[in-house]
Amino acid sequence: MSQIADAIAYLSRSLKLARTPELRRYVIIPLIFNILVFGGLYWLSGSWIAGWITAATADWALSGFWSFLNGALHFLVDAAVILVWILLLGLFASVFSIGVQLIAAPFMGFLAEKVDIQVTGHPMNDESIPAMIVRTFKRELRKTWYWLWRAAGSYTHLRAHETGRKLVC
């Protein structure tokens, strides 16, 4: 229970720090940019796919004895559109995470530096922006490479196990 209380305390402390004038621009500008870019892309792609589904199913109507199922058919089409919006939200969440980790890592370094100065009162060592970008990009690629080898190993192990089971049976 103390870990939850610690997490809540850290969250409230970080929200107080984010509202200070020294850090506000490092929080608000990326937040607005991400909301505009990813929100716009989400709306455009969702509208395009939903319009495509609606256009493809516009003339779907049953006649004669089966006409009582038209309401259910329209419900299923609407459910498909809603499912597309939900799946797009999941896709954009994962793309957003990858994009933030690879592209915004150097800019998060600026925020971390300003927070560190405000919390500790000691400035950090000077480093040029290109050097910081190269260093953080290498670090993110190293993390991705570390994960990729383990994922490939897990996949290979799974396939070998499956092939072995097929040979035995």
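We start with pockets, so here is the rule: on a 1 Å grid over the protein atoms alone, a pocket is an open set of points where a 1.4 Å probe fits, with protein on both sides within 12 Å along at least five of seven lines, and lining residues have an atom within 4 Å of a point. Points are joined across faces, edges and corners, and a volume is the space filled by probe spheres set on them. Before you click, note that the model is predicted, with local features needing pLDDT of at least 70 and side-chain atom pairs pLDDT 80 or more, while totals for chains, interfaces and linings use all residues. Numbering runs from 1 along each chain as its sequence is written, and side-chain values use heavy atoms, with hydrogens and water left out.

**Stop 1: the largest pocket**

Select Pro30, Leu31, Asn34, Ala104 and Phe107: of the 20 lining residues, these are the closest to the centre of the largest pocket. Its volume is about 620 Å³. Now colour by helix (a DSSP run of H or I, at least four residues, numbered from the N terminus). H2 (21-56), H3 (70-103) and H4 (105-120) each supply at least two lining residues, and H2 has the largest share, with 10. By type, the lining splits into 17 nonpolar, 2 polar and 1 charged. Here Ala, Val, Leu, Ile, Met, Phe, Trp, Tyr, Cys and Pro count as nonpolar, Asp, Glu, Lys and Arg as charged, and the others, Gly among them, as polar.

**Stop 2: the second largest pocket**

Next, pick Glu113, Met124, Glu127, Met132 and Arg135, the closest to the centre among the 13 residues lining the second largest pocket. This one has a volume of about 220 Å³. H5 (129-168) and H4 are the elements giving two or more residues to the lining, and H5 gives the most, with 5.

**Stop 3: aromatic rings**

Show the rings of Phe, Tyr and Trp (the six-membered ring for Trp); two of them pair if their centres lie within 6.5 Å, with planes under 30 degrees apart called stacked, over 60 edge-to-face and the rest tilted. The count comes to 5 aromatic pairs. Zoom in on Tyr42 and Trp85: the centres are 5.1 Å apart and the planes at 70°, so the pair is edge-to-face. It links distant parts of the chain, Tyr42 in H2 and Trp85 in H3, 43 residues apart. Trp85 counts as partly exposed, at 24% relative accessibility (buried is under 20% relative accessible area, exposed over 50%, partly exposed in between, with a 1.4 Å probe and protein chains only).

Move on to Phe65 and Phe68, with centres 6.0 Å apart and planes at 75°, so this pair is edge-to-face. Both Phe65 and Phe68 are exposed.

**Stop 4: the nonpolar core**

Finish with Ala50, Ile53, Val77, Val81, Val84, Leu88 and Phe92, the 7 residues of the largest nonpolar core. Such a core is a set of buried Ala, Val, Leu, Ile, Met, Phe, Trp, Tyr and Cys residues joined through side-chain atoms within 4.5 Å. H2 and H3 each supply at least two of its residues, and H3 brings the largest share, 5.
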